[in-house]
Structures are given as C-alpha cells and as structure tokens.
Amino acid sequence: MEISSANYLISAANMSQLAPPAYPEYAFVGRSNVGKSSFINCLCNRKNLAHTSATPGKTQTVNLYLINEAWVLADLPGFGYARTNKTQREKFAKLIIHYIEKRESLMNVFLLIDGRLVPQDIDKEFVQYMGEAGIPFSIVFTKIDDTNQKSLAKISHAWEDYLSATWDELPPVFFTSARSGRGRKEVLAYIAEMNPLWVPVKTYGPAGNQSL
Ligand code: GDP
C-alpha cells in the first residue's frame, strides 16, 4: 500500500469528542517513548504527522488521522511513564480502555514494544488485558536498528514463550525501525489485507430516513 494522503482529523480527550466511526480504524499504542510517534510518521511517510514527544507522557488524547481517504489511524496516549503522577496515569488508562472497548470501527490494535528490552511487566499486562477483552492485536517491535540479531531473537523468543503459555494462536509480530523504515511495508500490507473485512458501522437517522 502506498500512502497518498494522511490528514489529521481530531484530538479527543474523551470518547464523545471522537468523530463518528466512518472508516476501518487501526490503533497504535505503547509505553511512552517506545517510538510510537516516530513509527507513525514513518508509516505515513510524513515528518510531523504525529508529534514526537519532547515531554513523554504529555499526550493525553486519542489523535485520529485519515489515511488514503480509506482508513483511520488512531494514535493512543502513551502509557506507563513513571514520572506522570498516578491520577494522570489512571486517566490515560481510562481513555485507552474506553477507546479500545467502545470504538466500534476498531479493526486491530498495534501494540508497540521496544525491541531492545526483555519483556516488561507493563507490556505483559497490556497484552493480558487485550487477550481477556478479546481485542484483536498485533505486536510491533520498535527500534530494531538499535539492537543486534541475537538479542532481538532472544527477546522475541521470550515473548513467544510468554504468549504461548496463554494462547494457542500467537498474534502477528512485526519487526520495525522508524530510522531504517524496516517493517513499514509489512504493517501497511497487513492493514490493506484487513480493510476489506470492515463492515460499516450502522448509524441510525430519523425514522423514514433509513435506506435499506
Ligand atoms: P513515543 O513517545 O512513543 O511517541 O516515542 P518517540 O517517537 O517520540 O521516540 C522516542 C525516542 O526514541 C526518541 O528519542 C526517538 O529518536 C527514538 N526512536 C524512535 N524510533 C526509533 C527507531 O526506530 N530507532 C531508534 N534507534 N530510535 C528511535
């Protein structure tokens, strides 16, 4: 899939501010500083579509972008940044959870995980949560330019071990780098594969105004 257009739609601090679902939607989420903004910019071939965070944990909104006038990319707030106070963290978590559980057009959550680190508890908890909530998700390892094949293999095996203890079927996994662009094509191809599966969300107009 080539990116022909990427347009900012809205930043929402709560669900009621979100545009009504009109396209298949794909959410990107991960710990603050995981490289989410950089990867979104790389994915969309834009320098500054998603703002790379000078102050981690600052983004408190769900930001929607319309891509190719065909699908929506949802940039979710980063979670688990140690320096944000508990109230803030709870608020982030609530917005993420509301979005994930209530957004009818959500096709898939891409969970970004730092490809340089052994599995972190907070990432495991998030995976656990999505599994229990029955949310389709994929794992996107980030910053793989900054590691070597051996340690990347070790880390991805550790994740496989962790996941296969609970699930029969493992989620799709992508190895990416915003610096080199690796994995970009694969993630876009996966989205292109899913787009036709989208069933438009029903919106109900006034009586007599519904076309069947
Ligand atoms: P966010 O908080 O998840 O949106 O993360 P950012 O995109 O702002 O990136 C956080 C830090 O990681 C920045 O210092 C980036 O330069 C760095 N970073 C992001 N992507 C990559 C990558 O692909 N490779 C490397 N080596 N560093 C990256």
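Me: Which residue is the bridge partner of Ile10 in β3?
Reply: Happy to start there, with the reminder that this is a predicted model. Strands β1 and β3 run antiparallel and are joined by six bridges. Within that pairing, the partner of Ile10 in β3 is Leu64.

Me: How many residues of β3 are buried?
Reply: Let's go through β3 by the direction of its side chains. In a regular strand, side chains alternate between the two faces of the sheet. Val62, Leu64 and Leu66 point one way, Asn63, Tyr65 and Ile67 point the other way, and all are buried. The count of buried residues in β3 is therefore six of six, with buried meaning under 20% relative accessible area.

Me: What is the strand order of the open sheet?
Reply: The sheet has seven strands with mixed pairing. Its edge strands are β1 (6-12) and β7 (173-175), each pairing on one side only. From one strand to the next, the twist averages 25°. Written out, the order is β1-β3-β4-β2-β5-β6-β7.

Me: In which sense do β2 and β5 pair, parallel or antiparallel?
Reply: Take β2 (residues 25-30) and β5 (residues 106-114), which share six bridges. Glu25 stands opposite Leu106 in β5. The sense of the pairing is parallel.

Me: What angle does the direction of helix α5 make with that of β5?
Reply: Two helices that pack on the sheet are worth a look here. Helix α1 (residues 36-43) touches β2, β4, β5 and β6, and its direction makes about 145° with that of β2. Helix α5 (residues 184-194) touches β2, β4, β5, β6 and β7. Its direction makes with that of β5 an angle of about 165°.

Me: How many residues apart are Phe110 and Tyr190?
Reply: These two rings form an edge-to-face pair, 6.1 Å centre to centre with 80° between the planes. Both residues are buried. Phe110 lies in strand β5 and Tyr190 in helix α5, so the pair links distant parts of the chain, and the separation is 80 residues.

Me: Why is the pair of Phe137 and Trp167 edge-to-face?
Reply: Phe137 sits in strand β6, while Trp167 is in the loop between α4 (149-164) and β7. Phe137 is buried, with a relative accessible area of 10%. The ring centres are 6.4 Å apart, and planes over 60 degrees apart count as edge-to-face, so what decides it is the plane angle of 70°.

Me: Which residues do ring pairs link into a cluster together with Phe110?
Reply: The count of aromatic pairs comes to twelve. One of them is the pair of Phe110 and Tyr190. Ring pairs link Phe110 into a cluster with Tyr26, Phe28, Trp71, Phe174 and Tyr190.

Me: How many residues does the largest nonpolar core have?
Reply: Those with the most contacts inside it are Leu76, Tyr99, Ile100, Val109 and Phe126. At least two residues each come from β2, β3, β4, α2, β5, α3, β6 and α4. A second, separate core of 27 residues includes Phe28, Tyr65, Tyr190 and Met194. The size of the largest core is 32 residues.

Conventions: Residues numbered from 1 in each chain as written. Heavy atoms only, no water. Pairing = 2+ DSSP bridges. Helix = DSSP H or I, 4+ residues; strand = E, 2+ residues; numbered from the N terminus. Axes fitted to C-alpha atoms, helices over the stretch in contact; angles between N-to-C directions. Contact = heavy atoms within 4.5 Å. Phe/Tyr/Trp six-rings, centres within 6.5 Å; stacked < 30°, edge-to-face > 60°. Buried < 20%, exposed > 50% of the residue type's maximum accessible area, 1.4 Å probe, protein only. Core = buried A, V, L, I, M, F, W, Y, C linked by side-chain atoms within 4.5 Å.
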